[in-house]
Amino acid sequence: MENILQRQNGGARRVNNIFKKLLPFAGLVLMGILYLFSTDFKPTAFHIQTIIDQVTVMAIMSTGAVFIFSLGSFDISLGVGAAVAVCLGIMAYNAGSGLPGMFAVCVVVGLVAGLINSTLSAVFKMPVFIMTMAMMSVLTAMLQILLDGATDLKIKSDIADPIKALDNQWLRLAFMFAFFVICLVLFNFTKIGRRNKILGGSPKVAEQTGISIAKQTIITFLISGFAVGIAAFLLITRSRSVSSNTGTSLGMDVMMAIVFGGMPLSGGAYSKISAGVVGSFSMVLLSQVLTMQGITTGWSQVYRAVLFLAVVFVASFSYREKMLSRAEMF
Amino acid sequence: MRFKHDYAGEAQGLDINTQNDNVLVEVRDMVKTFGVVTALNKVNIQVRRGEILGLIGENGSGKSTVTSIIAGIQAPTSGRMFFNGSPWKPSSMTDALNKGVGMIVQESGVIAGISIAENIALGEYDKFGKFGFLSKNSLIDAAAKALSLIGVDDVDPSLPAFALDLQDRKIIEIAKVWAKQPDLFIVDETTTAVSQRGRKILYDLMERQKAAGRSVIFISHDIDEVINICTRLTVLRDGNVVQSLDKADFSLDAIKRLMIGRELKGDYYRSDYDGSCGEEVVLSARRLTGHSLNDLSLDLHKGEILGIGGMSHCGMHPLGKMLFGFLKPISGEVVAWNGARIKNVSTAMKNALGYVSKDRDAEALLLRAPIRDNIVSAGIDKIAKAGFIFPGVEKAYSKKQVDDFQIKCSSDEQFAGQLSGGNKQKVVFGKWVGAESRIMILDCPTRGIDIGVKQAMYQLMYRLKREGVSIIMISEELAELIGMADRLLIMKDGRISKEFERSESLTEAQIIDYMV
């Protein structure tokens, strides 16, 4: 009898798990249908390019941020970090560093921001999220200083401009795809990803299985910082400029994208690397649908917020359900 | 959380003819299902006035489910309950407590970040202030009174709850419930979660409850404890009531047989009294001081089961953590078989040490992760090749432990948090055995697990010993230390007060003098 119950229960759980895994993809399909509906099922090349331009940067940053999310934490300074990386990248390029130099500067800035966040958090034993809040203020001030009172900073047009050659969606898609594959392997098939999930599940258990919380946090933030650097590089190839508003909403968009993509709020074992890409596509499609329906920016934010709360509610309901099913104790 | 009841037969009302004035609580035909799983199957239980009713059964037999329904924590799927002759439908735990049913739960119900007084008054803050302002003084006075009622006068209720260790925090919960003087006092496997002092308080309160003509439901896996304390027993198995026994019919063998539905075959502890082991010292503690330890030294030999016992605050639990490198001593050192110093958990694991924490749910298990992730967590370095983990290897590694330990689960993808206490402990053992630990530090390894699983754990430890694994077994249960250890160290005030060799004639009475 007990075995029959276990088998039945196992079957029901598997169906339930498959359903939950498919839910974010179902959300993406729904957004896709709404998008097609908004374009009268005739999306133009411009439409597609707009989506790719927006989604690639967000997906790369979100995929990197999944590592932080899996620890049960979040870096709120990601958006402004990308803006500073863009600014310093442009300055380096304008100073004659060339494309490789610009790329290196963007990546180094991302890595340094991540390193500072995680190291200070480890040294002072402070919650990472609090540290990233302080970092957000510092980076915002830094961006203002770098802009030196100007509204924006642009790539100098008098320099021979190889950046134009990089301004195409296939390159952006290639960057996104390559980064995603690397992260997929790191997250699911290496010690790094496995330790992240354990640490996100319980720091105490992680410590008692020999995982160094400080070391793992630093590795995590370096991966995310690398993603910020690449995203900053792609932002330069797309917009060729930076302003004090660059990245303002990017950090929050990344967080929403990860949640839309099916990432558990508490991190841990059920963290999904796909959440960044799936959620970014959903978010961008949603934004496009709202824009095409003539919704103003303000109301668009309200709709997105409501949807975000709904997703969070469903996610937390699922969590409660799992933890309350004590009858499954055999 | 509040909920609505949907009792079958509600419309029939109370069947007066079957009510008995001597019955305080009656549960009739109670069914509780969770999805496709039936946790309670038409359970009938009566609790009489002035009795201590023991509820016993294996993990997952339904003991906690039925008492949690009586205490308003969850609603039944169907069935009826009566309290003092009237239909009983508590809408929440607080509602039940206010109406006369209080329960001390297995898990911690204390909020660490607020004061002891605020914990005791939780849910009743309206009584301690005016116009939305809380009177801290009246809160503290009431808490001090509540603590005094259970005989605790040395705890400052204004302190934050985290100032107390996990065991003593249970006292806060006891005080909170007892202050309401409930007609029915439910104690759910709490005695293993409290210190000896807390245990004494609980025993005393249960006796006082009985003497006052009120009632107790007592759940425990310690059958000796149940036999000593309870006046009647109801045995549950797989969600069914198997039998109720009056005090005159209590017999250890009969109770064990009723609980597990079969005879316990083979030895319970080990049957030999040969305390021999290898000569080689595999782990040495040298003059450890700090975390309540006071210049403590010990040697563990190859293939030895070294028992460590004492009162709960004697320092034996920090000793286990220090030996594993989780706590750093102020002075002294821990040295492994190859001369390597154990400086942290990482060096401990590199030198084949494993540690089973007393606080299983908080320190040893990822409750919201699959069994597989838990088992693999200590063996990541073992299964990884050049830093990569291949799913097939991982699955085989986990499956071996699930099969070897006969972990009852639907698959190794099931949440560890959904397992019973015994199966959770098997997962923790599997995690360290899988990692090929040769030195196992086991802190209360059979805490909160039923007799069948306990026997399996004892036999596993004996098997590991014979395979040359060295074991430090820390326990508050003298019987299991006497039953299993090759050598027994008794601790008092952070020091070793006495050493006993394995002997057939060794008794608890001989040991206790060195503990207190």
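Which residues of helix 5 of chain A are buried? The close-ups below start there; keep in mind that this is a predicted model.

**View 1. The buried side of helix 5 of chain A.** The buried residues of this helix are V128(A), M131(A), T132(A), M135(A), M136(A), L139(A) and L143(A). They share one side of helix 5 of chain A because they cover an arc of only 150 degrees around the axis. As for what lies over them, the cover includes helix 3 (78–94), helix 4 (98–124) and helix 10 (213–239) of chain A.

**View 2. Helix 5 of chain A from end to end, with its exposed side.** Helix 5 of chain A takes in residues 128–147, 20 residues in total. From first C-alpha to last it reaches 28 Å, close to the 28 Å expected at 1.5 Å a residue. Turn to the other side of helix 5 of chain A and you'll find S137(A), A141(A), Q144(A) and I145(A), which are exposed. Just after the helix comes D148(A), with a positive phi of about 50 degrees.

**View 3. A174(A) in helix 7 of chain A.** A174(A) is found in helix 7, residues 169–189 of chain A. Is A174(A) buried or exposed? A174(A) has 12 other C-beta atoms within 10 Å, and a residue counts as exposed at 12 or fewer, so A174(A) is exposed. For a sense of distance, pick out L23(A) too: A174(A) and L23(A) are 151 residues apart in sequence, and their C-alpha atoms are 26 Å apart in space.

**View 4. An open sheet of three strands in chain B.** The strand order is 14-13-16, and the pairing is antiparallel. Strand 14 (293–301) and strand 16 (331–336) of chain B are the edge strands, each pairing on one side only. From one strand to the next, the twist averages 5 degrees.

**View 5. Strands 13 and 14 of chain B, plus the helix that packs on the sheet.** Strand 13 (residues 281–290) of chain B runs antiparallel to strand 14 of chain B, and six bridges join the two. Look for L283(B), which stands opposite L300(B) in strand 14 of chain B. Helix 9 (residues 316–323) of chain B packs on the sheet and touches strand 13, strand 14 and strand 16 of chain B. The direction of helix 9 of chain B makes about 60 degrees with that of strand 14 of chain B.

**View 6. The domains of chain B.** Chain B is divided into domain 1 (10–260), domain 2 (279–352 + 438–516) and domain 3 (368–436). Between the C-alpha centres of domain 1 and domain 3 of chain B there are 34 Å.

Note on methods:
Residues numbered from 1 in each chain as written. Chains lettered and ligands numbered in written order. Predicted model: local features only at pLDDT ≥ 70, side-chain atom pairs only at ≥ 80, totals over all residues. Pairing = 2+ DSSP bridges. Helix = DSSP H or I, 4+ residues; strand = E, 2+ residues; numbered from the N terminus. Axes fitted to C-alpha atoms, helices over the stretch in contact; angles between N-to-C directions. Contact = placed C-beta atoms within 7 Å. Buried ≥ 20, exposed ≤ 12 C-beta atoms within 10 Å, placed from the backbone. Expected span 1.5 Å × (residues − 1). Arc of directions from axis to C-beta. Domains from an automatic or database assignment.
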